[in-house]
Amino acid sequence: MKAVQIVKPNELRIIDMPKPEIDEHNNVLIKVKASGICGSDVGIYHGTNAAATYPRVIGHEIVSAR
């Protein structure tokens, strides 16, 4: 699957990640249609989010398919 990864402040790349698998801790898998970028993601990109570690995959505002 594709993901947006912030490598370090002001540097991002589109990467391929393995598709998550269902297991005893992650027992729901949804199909994502779109993902938004929120204010904390913008702060991570600009390096102004003090809680951010790098590299980091962003985009947690999701829209699922039916």
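This note comments on a predicted model of a protein, point by point.

1. Basis of the model. Because the structure is predicted, local features need pLDDT of at least 70 and side-chain atom pairs count only at pLDDT 80 or more, whereas totals for chains, interfaces and linings use all residues. Residues are numbered from 1 along each chain as its sequence is written, and side-chain values use heavy atoms, with hydrogens and water left out.

2. Overall architecture. The protein has one helix and five strands, in the order β-β-β-α-β-β from the N terminus. These elements are DSSP runs numbered from the N terminus (helices: H or I, at least four residues; strands: E, at least two). Along the principal axes, the C-alpha atoms occupy a box of roughly 35 × 20 × 20 Å.

3. Of the 66 residues, 15% count as buried; the classes are buried under 20% relative accessible area, exposed over 50% and partly exposed in between (1.4 Å probe, protein chains only). Of the contacts with a separation of 6 or more, 53% are between residues 24 or more positions apart, a contact being heavy atoms within 4.5 Å.

4. Surface. The protein exposes about 5300 Å², and carbon and sulfur atoms supply 54% of this area. Accessible areas come from the Shrake-Rupley method with a 1.4 Å probe; for residues, only the protein chains shown count as cover. V28, I30, V32 and I62 make a nonpolar surface patch of about 360 Å².

5. Salt bridges. Three salt bridges are found in the whole structure, each requiring a side-chain nitrogen of Lys or Arg within 4 Å of a carboxyl oxygen of Asp or Glu. K2 pairs with D16 at 2.9 Å, N to O. K2 lies in strand β1 and D16 in strand β2, so this pair ties together parts that are 14 residues apart in sequence. Both partners are exposed, K2 at 59% and D16 at 57%.

6. Linked charges. K8, E11 and R13 form a network of salt bridges. The K8 to E11 distance is 3.6 Å, N to O, and that of E11 to R13 is 3.8 Å, N to O. K8 is partly exposed at 47%, as are E11 at 30% and R13 at 40%.

7. Q5, in strand β1 (residues 2–8), counts as buried at 14% relative accessibility. Not counting residues up to four places away in sequence, Q5 touches E11, L12, R13, I15, P55, R56 and V57.

8. Backbone geometry. Most residues other than glycine have a negative phi, and most peptide bonds are trans. N10, in the loop between β1 and β2 (11–16), has a positive phi of about 70° although it is not a glycine. A cis peptide bond joins Y54 and P55, with omega about -5°; P55 lies in the loop between α1 (39–46) and β4 (56–58).

9. An exposed loop residue. I22 is found in the loop between β2 and β3 (32–36) and is exposed at 54%. Leaving aside neighbours within four places in sequence, I22 is in contact with N27 and L29.

Definitions and conventions: Patches are made of residues with over 30% relative accessible area and no salt bridge: like charges are joined within 9 Å, nonpolar side chains (Val, Leu, Ile, Met, Phe, Trp, Tyr) within 5 Å.
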